[in-house]
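Let's take a walk through this protein together. Have the sequence and the model open side by side, and follow along as we go.

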Amino acid sequence: MKFDASLALQSRFHEVIPGGSHTYAKGDDQFPELMPPYIVRGSGSHVWDADGNEYIEYGSGLRAVTLGHAFEPVVKAASQQMLLGSNFIRPAVIEVEVAEQLLSFVKGADMVKFAKNGSDANNAALKLARAYTGRDMVAVCGDHPFYSVDDWFMGTTAMNAGIPQAIRELTVKFRYNDLASLQALFDQYPNRIAAIFLEPEKDKEPQNRFLHEARDLCHKHGVVFVLDEMITGFRWHIGGGQGYHDIAADLSCWGKGLGNGFSVSALVGKRELMELGGLRTDKDKVFLNSTTHGAETHSLAAAREVMNTYRREPVIETIWARGERLANGFRKSVAELGLQDQLGVFGKPCCLVYGTKDQDKQPSQGFRTLFIQECMKRGVLASSLVVGYSHTEADIDRTNEAMHEAMVVYKKALTEGLDKYLVGRPVKPAIRQRN
Ligand SMILES: Cc1ncc(COP(=O)(O)O)c(C=O)c1O
């Protein structure tokens with residue numbers, strides 16, 4: 001397997017793009033050092049790099065591409081819309097059509113505001129909640145890794161350079177499935193917390209009706225309950241994490257799968273909150289995500305066809321079934337090779353990740369890198385095992401074979417030493433304080 005063309009591109013990328021990537025999670029430091037594939041094209045669940053290497057890809061578009069690369073009905077819908085014009089001096093009719101359509105997916109929501117990135121939707125949710133409650137603080141679930149590129153969230157991470165302390169102090173954290181940790185924040189900061197943010201579910205299921213209890217506790221304390229559906233939306237259930245867990249948030253934030261790779265996100269929620277950004281209010285007006293490109297018509301056309309596809313075809317069922325098949329194969333190989341203490345696959349079948357440990361059963365980035373490296377050598381590009389609708393059973397079976405072979409190497413490295421098998425440095429967490 002050759003990477004000559006990609007390695008030649010690498011310095012050009014770093015010369016003009018800080019980090020050599022527009023998204024940290026796609027960066028060189030997330031992949032084996034001498035295997036930095038730059039992608040030329042994708043089709044369905046496969047991608048091809050600058051050297052012509054072909055891979056079965058997982059977690060496509062940072063979990064945005066749920067239907068598959070260049071999914072024809074979505075591409076056609078977007079391109080036909082482009083021929084009608086993409087942006088006008090007045091709203092386009094498609095804005096209301098797609099807003100109404102999205103509301104048919106989201107339980108208990110009345111209004112929609114579209115934007116381009118998930119962060120825009122979460123930022124807007126916070127601003128609305130602050131205006132609505134007249135409070136300045138926000139509580140985020142500390143077990144979930146990401147909500148926004150904005151300072152209110154990035155200030156809570158290790159990568160907080162350039163963010164004033166005064167802003168960092170306004171965000172506090174609670175734990176998933178730990179109602180007492182939320183109550184403790186409400187006690188510690190009475191009438192200060194405007195909203196809480198969490199994903200409906202990540203790797204742990206809600207215990208003891210945690211989501212419902214958290215929402216009720218929020219309402220008791222006058223706090224806005226916000227669910228981040230960026231990953232659970234269009235993956236867990238046709239109605240997202242809210243549909244799956246039968247709960248309605250005050251505000252929920254959607255992106256990623258909504259556009260199958262096109263840039264479209266949405267803040268969705270209750271009228272009494274959302275209307276603060278509208279013309280039908282006597283209250284102080286909230287500047288609610290008013291942007292030049294917020295309602296770009298072809299992204300909305302893409303979203304419309306994504307939603308049509310979810311209504312028309314068994315997308316959710318297929319994603320779950322493929323993930324189940326993948327996880328079963330992974331677990332079977334782990335058991336056969338006796339690697340239960342080192343390799344694990346976690347999460348719902350529709351959104352799997354894997355964990356890698358060393359000989360001392362400690363989480364290991366070195367062994368993670370080795371696993372990625374060995375899978376790549378066998379045509380599988382998998383920093384997660386997040387499947388999409390285009391992964392076929394044959395893709396999954398090929399992946400399971402590749403992962404089995406990668407695990408054989410992993411096992412050898414456990415006894416003979418990682419250095420003997422890993423080429424180059426280990427990967428690092430994408431969000432960290434220093435390089
Ligand atoms: C759960 C979650 N929320 C919000 C975001 C931010 O979305 P975006 O990158 O589209 O701004 C992400 C991005 O990865 C995410 O995973």
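A word on contacts before anything else: two residues are in contact here when they have heavy atoms within 4.5 Å. What you're looking at is a predicted model, where local features need pLDDT of at least 70, side-chain atom pairs count only at pLDDT 80 or more, and totals for chains, interfaces and linings use all residues. Residues are numbered from 1 along each chain as its sequence is written, and side-chain values use heavy atoms, with hydrogens and water left out.

Skipping residues up to four places away in sequence, M407 touches F330, S333, V334, L337, L339, L343 and F371. M407 also belongs to the largest nonpolar core, which has 77 residues. Such a core is a set of buried Ala, Val, Leu, Ile, Met, Phe, Trp, Tyr and Cys residues joined through side-chain atoms within 4.5 Å. Buried, in turn, means under 20% relative accessible area, exposed means over 50%, and partly exposed is in between (1.4 Å probe, protein chains only). M407 is among the residues with the most contacts inside this core, alongside L102, F114, Y310, F330, F371 and L385. There's also a second, separate core of 49 residues, and C141, F186, L273 and L288 are among its members.

Now zoom out. How far does the C-alpha trace reach along its principal axes? It spans about 70 × 55 × 45 Å. The radius of gyration, taken over C-alpha atoms, is judged against a globule rule of 2.2 Å times the number of residues to the power 0.38. For 435 residues a compact globule would come out near 22 Å, and the protein has 22 Å, so the two agree.

Buried residues make up 53% of the 435. Of the contacts between residues at least 6 apart in sequence, 73% join residues at least 24 apart.

S6 is in helix α1, residues 4-16, and it counts as buried because its relative accessibility is 0%. Its contacts beyond four places in sequence are P36, P37, Y38, A50 and D51.

R63, in helix α2 (residues 60-63), has a positive phi of about 75° although it is not a glycine. A70 also has a positive phi without being glycine, near 50°. A70 is in the loop between α2 and α3 (72-82), and at 53% relative accessibility it counts as exposed.

Next, find P200 in the loop between β7 (193-198) and α9 (210-220). Is P200 buried or exposed? P200 is buried, with a relative accessible area of 0%. Beyond its sequence neighbours up to four places away, P200 touches Y176, L211, L227, D228, E229, T232, G241 and H245.

The loop between α11 (271-274) and α12 (297-312) holds D284, and L288 is in the loop between α11 and α12 too. D284 counts as exposed at 71% relative accessibility, whereas L288 is buried at 6%. D284 is 153 residues from A131 in sequence, yet their C-alpha atoms are 8.2 Å apart. L288, which we met in the second core, is in contact with K113, A124, L128, L267, M274 and G277, leaving aside neighbours within four places.

Finally, helix α15 (residues 393-416) contains E405. E405 is partly exposed, with a relative accessible area of 41%. Its C-alpha atom is 9.1 Å from that of S333, 72 residues away along the chain, and S333 is one of the residues that M407 touches.

Key: Helices (H or I, at least four residues) and strands (E, at least two) are DSSP runs, numbered from the N terminus.
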